[in-house]
Amino acid sequence: MRFKGKKVLITGASSGIGKQAAIDFSKNGVKMIFLVSRSGSKLEELKKMLDPKCDTVVYPCDISKKDNVIKMGKEIQDKYGQIDILVNNAGFGLYGTVIQQTIEEIEEVTFTNYLGMVYCTKVFIDSMIRNRTGHIVNVASLAASFGIPGIAGYCGSKFAMLGFSESLYHELKGTGVGITVVSPIAVRTNFFNNDSFKGKPTHKIGYMLDPKKVSKSILDASNSRRLEIVVPFYVRSAVWLKHTFPYLINPIISNAFKTM
Ligand SMILES: NC(=O)c1ccc[n+]([C@@H]2O[C@H](COP(=O)([O-])OP(=O)(O)OC[C@H]3O[C@@H](n4cnc5c(N)ncnc54)[C@H](OP(=O)(O)O)[C@@H]3O)[C@@H](O)[C@H]2O)c1
(Lines give C-alpha, C1' and ligand atoms only; values in the text may rest on other atoms or scores of the structure.)
Protein backbone atom coordinates (compact mmCIF):
# COMPACT_ATOMS: atom_id res chain seq x y z
CA MET A 1 0.00 0.00 0.00
CA ARG A 2 2.98 2.30 -0.47
CA PHE A 3 1.09 4.57 -2.91
CA LYS A 4 -2.12 4.85 -0.87
CA GLY A 5 -4.26 7.77 -2.02
CA LYS A 6 -2.02 8.68 -4.99
CA LYS A 7 -3.11 9.48 -8.54
CA VAL A 8 -0.78 8.05 -11.19
CA LEU A 9 -0.75 8.71 -14.94
CA ILE A 10 1.21 6.37 -17.22
CA THR A 11 1.83 7.04 -20.91
CA GLY A 12 2.41 4.02 -23.13
CA ALA A 13 0.28 1.92 -20.76
CA SER A 14 -1.17 -0.37 -23.46
CA SER A 15 1.90 -2.61 -23.74
CA GLY A 16 5.19 -3.80 -22.27
CA ILE A 17 6.78 -1.77 -19.48
CA GLY A 18 3.89 0.72 -19.10
CA LYS A 19 1.31 -2.06 -18.88
CA GLN A 20 3.32 -3.88 -16.19
CA ALA A 21 3.80 -0.63 -14.26
CA ALA A 22 0.02 -0.03 -14.32
CA ILE A 23 -0.59 -3.53 -12.92
CA ASP A 24 2.02 -3.03 -10.19
CA PHE A 25 0.87 0.47 -9.18
CA SER A 26 -2.71 -0.79 -8.94
CA LYS A 27 -1.57 -3.57 -6.55
CA ASN A 28 0.20 -1.03 -4.35
CA GLY A 29 -2.72 1.04 -3.19
CA VAL A 30 -2.97 3.88 -5.72
CA LYS A 31 -6.29 5.70 -5.56
CA MET A 32 -6.60 6.46 -9.28
CA ILE A 33 -4.69 5.42 -12.34
CA PHE A 34 -4.85 7.10 -15.74
CA LEU A 35 -3.94 4.86 -18.67
CA VAL A 36 -2.71 6.74 -21.74
CA SER A 37 -1.71 5.49 -25.22
CA ARG A 38 -3.20 5.67 -28.73
CA SER A 39 -5.03 2.34 -28.51
CA GLY A 40 -8.19 2.82 -26.42
CA SER A 41 -9.23 -0.85 -26.88
CA LYS A 42 -5.94 -2.18 -25.43
CA LEU A 43 -6.25 0.20 -22.49
CA GLU A 44 -9.83 -1.01 -21.85
CA GLU A 45 -8.50 -4.60 -21.81
CA LEU A 46 -5.82 -3.59 -19.30
CA LYS A 47 -8.40 -1.80 -17.12
CA LYS A 48 -10.12 -5.18 -16.57
CA MET A 49 -6.84 -6.63 -15.23
CA LEU A 50 -6.25 -3.93 -12.61
CA ASP A 51 -7.17 -4.11 -8.95
CA PRO A 52 -10.83 -3.04 -8.76
CA LYS A 53 -10.10 -1.02 -5.60
CA CYS A 54 -8.17 1.43 -7.79
CA ASP A 55 -10.24 3.79 -9.98
CA THR A 56 -9.04 3.52 -13.56
CA VAL A 57 -9.51 6.15 -16.26
CA VAL A 58 -8.72 5.25 -19.87
CA TYR A 59 -7.59 8.24 -21.89
CA PRO A 60 -6.55 7.50 -25.50
CA CYS A 61 -4.09 10.16 -26.64
CA ASP A 62 -1.27 10.45 -29.17
CA ILE A 63 1.34 12.17 -27.01
CA SER A 64 3.37 13.26 -30.04
CA LYS A 65 0.60 15.81 -30.79
CA LYS A 66 0.96 18.90 -28.62
CA ASP A 67 -2.70 19.99 -28.86
CA ASN A 68 -3.93 16.53 -27.83
CA VAL A 69 -1.68 16.53 -24.76
CA ILE A 70 -2.76 20.05 -23.72
CA LYS A 71 -6.42 18.98 -24.04
CA MET A 72 -5.73 15.81 -22.02
CA GLY A 73 -3.95 17.76 -19.25
CA LYS A 74 -6.80 20.25 -18.95
CA GLU A 75 -9.62 17.69 -19.02
CA ILE A 76 -7.97 15.37 -16.49
CA GLN A 77 -6.93 18.08 -14.02
CA ASP A 78 -10.24 20.01 -14.27
CA LYS A 79 -12.13 16.83 -13.43
CA TYR A 80 -9.78 14.95 -11.07
CA GLY A 81 -7.28 17.52 -9.78
CA GLN A 82 -3.52 17.15 -9.57
CA ILE A 83 -1.65 14.04 -10.75
CA ASP A 84 0.80 12.86 -8.05
CA ILE A 85 3.00 10.61 -10.19
CA LEU A 86 3.52 11.13 -13.92
CA VAL A 87 5.25 8.24 -15.72
CA ASN A 88 6.48 9.36 -19.14
CA ASN A 89 6.98 5.93 -20.68
CA ALA A 90 5.47 6.03 -24.21
CA GLY A 91 8.10 5.56 -26.86
CA PHE A 92 9.34 3.51 -29.78
CA GLY A 93 12.41 2.92 -31.93
CA LEU A 94 12.99 2.65 -35.67
CA TYR A 95 16.05 0.90 -37.01
CA GLY A 96 18.00 2.47 -39.91
CA THR A 97 21.22 4.40 -40.39
CA VAL A 98 21.04 8.18 -40.57
CA ILE A 99 21.67 7.87 -44.32
CA GLN A 100 18.85 5.35 -44.79
CA GLN A 101 16.25 7.06 -42.62
CA THR A 102 14.05 9.91 -43.78
CA ILE A 103 13.83 13.19 -41.89
CA GLU A 104 10.20 12.31 -41.17
CA GLU A 105 11.15 8.98 -39.53
CA ILE A 106 13.64 10.71 -37.23
CA GLU A 107 11.04 13.42 -36.48
CA GLU A 108 8.41 10.79 -35.61
CA VAL A 109 10.69 9.21 -32.99
CA THR A 110 11.71 12.62 -31.59
CA PHE A 111 8.12 13.89 -31.38
CA THR A 112 6.99 10.85 -29.40
CA ASN A 113 9.97 9.97 -27.23
CA TYR A 114 11.31 13.44 -26.47
CA LEU A 115 8.70 16.11 -27.20
CA GLY A 116 5.81 13.89 -26.02
CA MET A 117 7.58 13.71 -22.65
CA VAL A 118 8.14 17.50 -22.66
CA TYR A 119 4.44 18.18 -23.46
CA CYS A 120 3.22 15.84 -20.68
CA THR A 121 5.70 17.29 -18.18
CA LYS A 122 4.65 20.87 -19.04
CA VAL A 123 0.92 20.21 -18.67
CA PHE A 124 1.15 18.37 -15.33
CA ILE A 125 4.04 20.12 -13.56
CA ASP A 126 2.37 23.46 -12.69
CA SER A 127 -0.15 21.92 -10.29
CA MET A 128 2.61 19.79 -8.73
CA ILE A 129 4.66 22.93 -8.06
CA ARG A 130 1.62 24.81 -6.70
CA ASN A 131 0.85 21.98 -4.27
CA ARG A 132 4.55 21.38 -3.51
CA THR A 133 4.23 17.64 -4.14
CA GLY A 134 4.58 15.19 -7.01
CA HIS A 135 7.09 13.09 -8.92
CA ILE A 136 7.89 12.64 -12.59
CA VAL A 137 9.40 9.35 -13.78
CA ASN A 138 10.91 9.40 -17.25
CA VAL A 139 11.58 6.06 -18.89
CA ALA A 140 14.72 6.59 -20.97
CA SER A 141 17.12 3.76 -21.85
CA LEU A 142 20.75 2.80 -21.75
CA ALA A 143 20.58 4.37 -25.23
CA ALA A 144 20.48 7.71 -23.34
CA SER A 145 24.18 7.17 -22.57
CA PHE A 146 25.47 5.19 -25.58
CA GLY A 147 25.16 6.31 -29.21
CA ILE A 148 24.36 2.96 -30.86
CA PRO A 149 24.81 2.73 -34.64
CA GLY A 150 21.53 2.08 -36.49
CA ILE A 151 19.28 3.86 -33.99
CA ALA A 152 20.64 7.43 -34.00
CA GLY A 153 17.16 9.01 -33.95
CA TYR A 154 16.19 6.86 -30.97
CA CYS A 155 19.45 7.51 -29.10
CA GLY A 156 19.11 11.24 -29.79
CA SER A 157 15.60 11.26 -28.33
CA LYS A 158 16.75 9.43 -25.18
CA PHE A 159 19.92 11.53 -24.70
CA ALA A 160 17.61 14.56 -24.97
CA MET A 161 15.24 13.07 -22.40
CA LEU A 162 18.11 12.52 -19.96
CA GLY A 163 19.55 16.02 -20.51
CA PHE A 164 16.14 17.69 -20.08
CA SER A 165 15.50 15.64 -16.93
CA GLU A 166 18.91 16.50 -15.47
CA SER A 167 18.30 20.25 -15.90
CA LEU A 168 14.81 19.94 -14.46
CA TYR A 169 16.16 17.87 -11.53
CA HIS A 170 18.32 20.83 -10.47
CA GLU A 171 15.53 23.36 -11.06
CA LEU A 172 13.14 21.39 -8.85
CA LYS A 173 15.37 21.42 -5.74
CA GLY A 174 13.36 22.75 -2.78
CA THR A 175 10.00 22.71 -4.60
CA GLY A 176 8.70 19.45 -3.11
CA VAL A 177 8.54 17.96 -6.63
CA GLY A 178 10.99 15.35 -7.89
CA ILE A 179 12.09 13.76 -11.14
CA THR A 180 13.86 10.44 -11.72
CA VAL A 181 14.92 8.79 -14.96
CA VAL A 182 14.74 5.01 -15.31
CA SER A 183 17.25 3.69 -17.86
CA PRO A 184 16.96 -0.02 -18.64
CA ILE A 185 19.00 -2.20 -20.99
CA ALA A 186 16.94 -4.23 -23.54
CA VAL A 187 13.55 -5.43 -22.25
CA ARG A 188 11.31 -8.27 -23.52
CA THR A 189 8.33 -6.28 -24.92
CA ASN A 190 6.84 -5.43 -28.33
CA PHE A 191 9.52 -2.77 -28.79
CA PHE A 192 11.61 -4.78 -31.29
CA ASN A 193 8.59 -6.18 -33.14
CA ASN A 194 8.31 -3.48 -35.79
CA ASP A 195 9.58 -4.36 -39.29
CA SER A 196 12.55 -2.01 -39.15
CA PHE A 197 14.29 -4.25 -36.58
CA LYS A 198 13.88 -7.52 -38.55
CA GLY A 199 17.25 -9.25 -39.08
CA LYS A 200 19.17 -6.26 -37.72
CA PRO A 201 22.07 -6.38 -35.20
CA THR A 202 19.71 -5.41 -32.37
CA HIS A 203 18.10 -8.87 -32.85
CA LYS A 204 21.30 -10.46 -31.64
CA ILE A 205 20.84 -9.06 -28.13
CA GLY A 206 20.94 -12.26 -26.10
CA TYR A 207 19.79 -11.11 -22.70
CA MET A 208 16.61 -9.09 -22.20
CA LEU A 209 15.05 -7.96 -18.94
CA ASP A 210 11.58 -8.98 -17.83
CA PRO A 211 9.26 -5.91 -17.84
CA LYS A 212 8.52 -6.70 -14.16
CA LYS A 213 12.11 -5.79 -13.26
CA VAL A 214 11.76 -2.37 -14.96
CA SER A 215 8.32 -1.81 -13.47
CA LYS A 216 9.79 -2.38 -9.99
CA SER A 217 12.37 0.33 -10.73
CA ILE A 218 9.60 2.69 -11.93
CA LEU A 219 7.75 2.22 -8.62
CA ASP A 220 11.01 2.76 -6.70
CA ALA A 221 11.73 5.85 -8.83
CA SER A 222 8.41 7.47 -7.99
CA ASN A 223 9.58 8.56 -4.58
CA SER A 224 13.32 8.50 -5.10
CA ARG A 225 15.71 11.41 -4.69
CA ARG A 226 17.98 10.04 -7.39
CA LEU A 227 18.31 11.52 -10.87
CA GLU A 228 18.78 8.23 -12.73
CA ILE A 229 18.22 4.57 -11.94
CA VAL A 230 20.02 2.27 -14.39
CA VAL A 231 18.46 -1.20 -14.68
CA PRO A 232 20.14 -3.51 -13.80
CA PHE A 233 22.15 -1.36 -11.39
CA TYR A 234 25.56 -2.87 -12.26
CA VAL A 235 25.31 -1.59 -15.86
CA ARG A 236 25.98 1.87 -14.42
CA SER A 237 29.65 0.80 -14.40
CA ALA A 238 29.49 0.49 -18.22
CA VAL A 239 28.21 4.09 -18.41
CA TRP A 240 31.09 5.19 -16.17
CA LEU A 241 33.60 3.27 -18.32
CA LYS A 242 32.23 4.84 -21.52
CA HIS A 243 32.51 8.37 -20.13
CA THR A 244 35.95 7.72 -18.62
CA PHE A 245 37.57 5.62 -21.37
CA PRO A 246 35.55 6.37 -24.55
CA TYR A 247 38.48 5.36 -26.77
CA LEU A 248 38.29 1.81 -25.33
CA ILE A 249 34.50 1.44 -25.24
CA ASN A 250 33.45 3.08 -28.53
CA PRO A 251 35.27 0.56 -30.79
CA ILE A 252 33.49 -2.26 -28.90
CA ILE A 253 30.09 -0.61 -29.52
CA SER A 254 31.00 -0.06 -33.17
CA ASN A 255 31.84 -3.73 -33.70
CA ALA A 256 28.95 -5.13 -31.69
CA PHE A 257 26.32 -3.18 -33.67
CA LYS A 258 27.98 -3.04 -37.13
CA THR A 259 25.52 -1.52 -39.61
CA MET A 260 27.29 -1.59 -42.98
N1 LIG B 1 11.99 -2.72 -24.75
C2 LIG B 1 13.21 -2.24 -24.60
O3 LIG B 1 14.22 -2.93 -24.93
C4 LIG B 1 13.43 -0.90 -23.98
C5 LIG B 1 14.71 -0.61 -23.44
C6 LIG B 1 14.91 0.63 -22.85
C7 LIG B 1 13.91 1.58 -22.83
N8 LIG B 1 12.69 1.29 -23.38
C9 LIG B 1 11.65 2.32 -23.36
O10 LIG B 1 10.56 1.86 -22.62
C11 LIG B 1 9.38 2.55 -23.05
C12 LIG B 1 8.26 1.54 -23.23
O13 LIG B 1 8.59 0.65 -24.30
P14 LIG B 1 8.23 -0.91 -24.29
O15 LIG B 1 9.50 -1.64 -24.33
O16 LIG B 1 7.26 -1.21 -23.24
O17 LIG B 1 7.62 -1.04 -25.75
P18 LIG B 1 6.14 -1.41 -26.25
O19 LIG B 1 5.71 -2.69 -25.65
O20 LIG B 1 6.21 -1.31 -27.73
O21 LIG B 1 5.23 -0.24 -25.65
C22 LIG B 1 5.30 1.07 -26.13
C23 LIG B 1 4.11 1.85 -25.62
O24 LIG B 1 4.19 3.22 -26.08
C25 LIG B 1 2.92 3.59 -26.61
N26 LIG B 1 3.08 4.64 -27.61
C27 LIG B 1 3.89 4.64 -28.72
N28 LIG B 1 3.74 5.77 -29.41
C29 LIG B 1 2.82 6.52 -28.73
C30 LIG B 1 2.25 7.79 -28.96
N31 LIG B 1 2.58 8.55 -30.02
N32 LIG B 1 1.34 8.26 -28.07
C33 LIG B 1 0.98 7.50 -26.99
N34 LIG B 1 1.50 6.30 -26.72
C35 LIG B 1 2.40 5.81 -27.59
C36 LIG B 1 2.35 2.29 -27.18
O37 LIG B 1 0.93 2.32 -27.21
P38 LIG B 1 -0.01 2.57 -28.50
O39 LIG B 1 0.59 1.84 -29.65
O40 LIG B 1 -1.33 2.07 -28.03
O41 LIG B 1 -0.01 4.05 -28.68
C42 LIG B 1 2.79 1.31 -26.10
O43 LIG B 1 1.87 1.31 -25.03
C44 LIG B 1 9.75 3.29 -24.33
O45 LIG B 1 9.94 4.65 -24.03
C46 LIG B 1 11.08 2.67 -24.72
O47 LIG B 1 11.90 3.56 -25.43
C48 LIG B 1 12.43 0.07 -23.94
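Here's a quick briefing on the fold, the core, the ligand shell and a few residues worth a look.

This is a predicted model, in which local features need pLDDT of at least 70, side-chain atom pairs count only at pLDDT 80 or more, and totals for chains, interfaces and linings use all residues. Residue numbers start from 1 along each chain, following the sequence as written. The protein chain has eight helices and seven strands, where helices (H or I, at least four residues) and strands (E, at least two) are DSSP runs numbered from the N terminus.

**Overall build**

- The radius of gyration, taken over C-alpha atoms, is 18 Å for the protein chain, which agrees with the value near 18 Å for a compact globule of 260 residues. The globule rule behind that is 2.2 Å times the number of residues to the power 0.38.
- Along the principal axes, the C-alpha atoms of the protein chain fill a box of roughly 50 × 40 × 30 Å.
- Buried residues make up 40% of the 260 residues in the protein chain. Here, buried means 20 or more other C-beta atoms within 10 Å of the residue's own, exposed means 12 or fewer, and partly exposed is in between, with C-beta atoms placed from the backbone.
- Take the contacts in the protein chain with a separation of 6 or more: 70% of them join residues 24 or more positions apart. Two residues are in contact if their C-beta atoms, placed from the backbone, lie within 7 Å.

**The nonpolar core**

- The largest nonpolar core has 60 residues, and V8, I10, L35, V87, V182 and I218 touch the most other members. Such a core is a set of buried Ala, Val, Leu, Ile, Met, Phe, Trp, Tyr and Cys residues joined through C-beta atoms within 7 Å.
- Helix α4 (residues 103-131) gives the most to this core, with nine residues.
- Setting aside neighbours within four places in sequence, V182 has contacts that include V137, V139, I218 and V231.

**Two enclosed strands**

- Strand β1 (residues 7-11) is largely enclosed by the rest of the structure, because five of its five residues are buried. K7, L9 and T11 point one way and V8 and I10 the other, and all are buried.
- β1 runs parallel to strand β2 (residues 32-37), with five bridges joining them. K7 has M32 as its bridge partner in β2. Strands count as paired if DSSP finds at least two bridges between them.
- Strand β5 (residues 134-139) is mostly covered too, with six of its six residues buried. G134, I136 and N138 point one way from β5, while H135, V137 and V139 point the other way.
- β5 also runs parallel to a partner, strand β4 (residues 85-88), and four bridges join the two. N88 stands opposite N138 in β5.

**Around the ligand**

- There are 29 residues around the ligand, and G12, G16, R38, S39 and G91 come nearest. The cut-off for being near is a C-beta atom, placed from the backbone, within 6 Å.
- The elements giving two or more residues to this shell are α1 (16-27) and α4. Of these, α1 gives the most, with three residues.
- By residue type, the shell divides into ten nonpolar, 16 polar and three charged.

- Most residues other than glycine have a negative phi, and most peptide bonds are trans.
- V231 and P232 are joined by a cis peptide bond, with omega about -5°. P232 sits in the loop between β7 (228-231) and α7 (236-244).
- R132 has a positive phi, near 55°, and is not a glycine. R132 lies in the loop between α4 and β5 and counts as exposed because it has 10 C-beta neighbours inside 10 Å.

**Two helix residues to look up**

- H170 lies in helix α5 (residues 152-171) and is exposed, with 9 other C-beta atoms within 10 Å.
- T110 is in helix α4 and is partly exposed, with 17 other C-beta atoms within 10 Å. Leaving aside neighbours within four places in sequence, T110 is in contact with L115, G153, G156 and S157.

Key. Ala, Val, Leu, Ile, Met, Phe, Trp, Tyr, Cys and Pro count as nonpolar, Asp, Glu, Lys and Arg as charged, and the others, Gly among them, as polar.
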